[in-house]
Amino acid sequence: MKTEITYLGHIIRVDSGTIEVEVSNDIPSAAPIINGRLYKIGQIGTFIKIPIGNITIYGIVSSVSNTPSKSDEINLKYTFGSRFLTVQLVGEKIGEDDFEKGIGTYPTINDEVHLVIEKDLFDIYGKKDSGSIEIGKHSSSENLSVYADLHKLVLRHCAILGSTGSGKSNTTVSILKAILGDYQGSRVILVDPHGEYPSAFPNARVFKINNAANPLFIPFWLMNFDELAYFLVGAKPTDDQKPDYRLFRELVTNFKKDNCTLKAGNVNPNFVTADSPIPFSARKLWHDMNWWLNGTFSSSNKDDQTKATAQEVNNGDCENLVPAQFTPYPTNNTAPYKSKHQEFYSYEKKILSRLKDSRYDFLFNPGDYKDANSPKDLHNLLNEWIGSNSKLAILDLSGVPFEVLDITVGLITRFIYDSMFWGRHEAYTGKNRPLLLAYEEAHSYLNKGDNTSYSKDAVEKVFKEGRKFGLGALVISQRPSEISETILAQVGTFIALRLTNSGDQSIVKNSAPDNLNSLIDLLPSLRTGEAIIVGEAIKIPSRVRIKLNVPRPTSDDPKLVEKWLESHPENEENYKVVVTRIRQQKI
Ligand SMILES: Nc1ncnc2c1ncn2[C@@H]1O[C@H](COP(=O)(O)OP(=O)(O)OP(=O)(O)O)[C@@H](O)[C@H]1O
Ligand SMILES: [Mg+2]
């Protein structure tokens, strides 16, 4: 065996999963050419193999040195010119069986170590089987495809991490294309905060805020009561001892109980709470509050100030936010009397300003989903997003005001989660038709420092529980150090592109499931579109090149130089449109 051209050296130390190899001084060259290919001995990140009978153990070179790692072993035995490799063992192949991760038989001192040549790599990576997708090509060989186990990639969750411009969006497109192309029943929802993916997937269903052709609506009544109270009037759950908060809860509950005859099926009012996702009119809510605040009554006694004693002149128009009118009260304390129902004094104005702000129309004025009388209900929304003939739905959130991005992602996630949970035994969803939720720019809303993040709570739940009823998640981020630790701890497969920030690198190092720091150390030096993939979905941790996709996602940087070279004549009219848009908050 020592005469074989692949012979590299022998083992001088075995330390659980790590071994040390003394490279033989007799090997003919530091870079032998085998079957026409050049192999560099001791390249960090390359594989070696240790044949023991019919078992072959594989490892990855993690460091190279001219002294052994334990200094007390430096003695005359090692002559000038000796080379030592530290190798992390990753898996083994028994006879003709497939390569398996993990080590059952450990090598020992003096076992022979060999170079891994291209043929061995084909043995390790195997062929594409029915449950896998091709992620890219191995960095060391254009011909060697690297496959991922689709089940584990999706249901054990995965993360695509890398500095800006390292190729995350392109990698996302590669993976989603491989899934959608090979699996006709697959389904994916892509949360796209910058609207960059529609161009890459011309056949996807795209829903976009404020877009007339394919509007994205997320009805506000999907919010639970605490979210609604926080969002409409800035109240916190800790306010629940205050009488106005409790009255508000009661009011919302009653509105919901009144609307139990629904298009998706009737609901028993006894089961309805302020948190139930049941439509009601936000405009009517405001109109009611305004009515009680500004009403005048024939009685001055609060208990007698009722609908019956009200001195209403006309009822206004709640759809157009016109308040009811009442006979004015005189100043001399005679009838009609001013309203004593002032509980919602501070809420009413806040709600009105929310309803008038057109940026929030996708929540408070959600087209066909507006209220219980509207033509559509939540089953239509699910059908549109994840119904049978749509494999990919892109939720383009580029028009969402920054301060509502969090709650928007939270509502989408919780709604999908609930639909998978309560549909878990149905033939058309849940376990019988799993779903992948992909979150682009995840650090901007799944931030670990943010204690009151609705999206983080909802997404963490998907990562912790989703697998059981067919819900998998993918997070894409340039700042892994800012992402919730609960989420990263549940990620089964890491696709790490070039990462230059050392804080981000150490997050990947600490979260990655395999103990492969040597590969992770390569992160800052990866080329664009090159990734280290570690974790459950991949047979062996690998350095992979991902192909550049056409058509591409749009990450539209302005053409600064061209634009600054142009001349721009003065025109007083120019900014009128811009100012009007600022005022109306509408394009
Ligand atoms: N696999 C690849 N091969 C060659 N070039 C690539 C590859 N992937 C990406 N690129 C180049 O890098 C650019 C940035 O890629 P991409 O938009 O995917 O990066 P990103 O990590 O998503 O960046 P950002 O953080 O800005 O979203 C692309 O416009 C493309 O030119
Ligand atoms: Mg990107």
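Reader: How many helices and strands does the secondary structure of the protein come to?

Author: This predicted model has 16 helices and 24 strands, taken as DSSP runs (H or I of at least four residues for helices, E of at least two for strands) numbered from the N terminus. Being predicted, the model needs pLDDT of at least 70 for local features and 80 or more for side-chain atom pairs, while totals for chains, interfaces and linings use all residues. Residues are numbered from 1 along each chain as its sequence is written, and chains are lettered from A and ligands numbered from 1 in the order in which they are written.

Reader: What does the C-alpha trace span along its principal axes?

Author: The span is about 110 × 65 × 50 Å.

Reader: And how many of the residues count as buried?

Author: Of the 587 residues, 40% are buried, that is, with 20 or more other C-beta atoms, placed from the backbone, within 10 Å of their own.

Reader: Changing topic, which residues are closest to ligand 1?

Author: T164, G167, K168, S169 and G529 are the closest of the 15 residues that surround ligand 1, where the C-beta atom, placed from the backbone, must lie within 6 Å.

Reader: How does that shell divide?

Author: The shell around ligand 1 has 2 nonpolar, 11 polar and 2 charged residues. Ala, Val, Leu, Ile, Met, Phe, Trp, Tyr, Cys and Pro count as nonpolar, Asp, Glu, Lys and Arg as charged, and the others, Gly among them, as polar.

Reader: Which residues of α6 meet α7?

Author: A282, R283, L285, W286, M289, N290 and L293 in α6 meet α7, with contact meaning C-beta atoms, placed from the backbone, within 7 Å. The residues of this contact divide into 10 nonpolar, 1 polar and 2 charged.

Terms used
Contact = placed C-beta atoms within 7 Å. Buried ≥ 20, exposed ≤ 12 C-beta atoms within 10 Å, placed from the backbone.
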